[in-house]
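Please look over the sequence and the model before reading on.

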Amino acid sequence: MDNQNQEIGKIVDIREKVQAHLGETIEITSQFGRKRENRHKVNLIEAYATHFIIENIPARGPKTTESYQYGDILTQTILIHYPNA
């Protein structure tokens, strides 16, 4: 039970850090398998209790939005690179 409380505490810390950078342009590295990853710039547009929403900044083409859960950061499915951090 203590381990579960530690994970919840980590997710709360992750959520607070994400919310502190709301409205900023950040970089996200998404994992697509063993050796495939994609790093791209996104705008952090909204943050909720369980997930956050980003807007992709493509070199060309339409903007798209995606949502991720804070657990994705905890499990390192995605990595967030904050500016000046």
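This is a predicted model. Its largest nonpolar core has 14 residues. Those with the most contacts inside the core are V18, I26, I28, F52, I54, I73 and I80. Two or more core residues come from each of α1 (2-20), β1, β2, β3 (51-56), α2 (70-74) and β5 (78-81). In soluble globular proteins, nonpolar side chains tend to be buried together.

Take I54 from that list. Beyond its neighbours within four places in sequence, I54 is in contact with I28, V42, N43, L44, I45, T64, T65, E66 and Y68.

Now the charged groups. The model holds 1 salt bridge. R39 pairs with E27, and their closest N and O atoms are 2.5 Å apart. Why does this pair tie together separate parts? R39 lies in strand β2 (residues 37-47) and E27 in strand β1 (residues 25-31), so the linked parts are 12 residues apart in sequence. Side chains of opposite charge can pair when their charged atoms come close.

Strand β1 also holds S30. Is S30 buried or exposed? S30 has a relative accessible area of 6%, under the 20% limit, so S30 counts as buried. E27 reaches 22% and is therefore partly exposed.

| Residue | Relative accessible area | State |
|---|---|---|
| E27 | 22% | partly exposed |
| S30 | 6% | buried |

S30 touches R36, E37, N38, H40, Y68, T77 and I78, leaving out residues up to four places away in sequence. Y68 is also among the contacts of I54.

Note on methods: Residues are numbered from 1 along each chain as its sequence is written. This is a predicted model: local features need pLDDT of at least 70, side-chain atom pairs count only at pLDDT 80 or more; totals for chains, interfaces and linings use all residues. Side-chain values use heavy atoms; hydrogens and water are left out. A salt bridge is a side-chain nitrogen of Lys or Arg within 4 Å of a carboxyl oxygen of Asp or Glu. Helices (H or I, at least four residues) and strands (E, at least two) are DSSP runs, numbered from the N terminus. Buried means under 20% relative accessible area, exposed over 50%, partly exposed in between (1.4 Å probe, protein chains only). A nonpolar core is a set of buried Ala, Val, Leu, Ile, Met, Phe, Trp, Tyr and Cys residues joined through side-chain atoms within 4.5 Å. Contact means heavy atoms within 4.5 Å.
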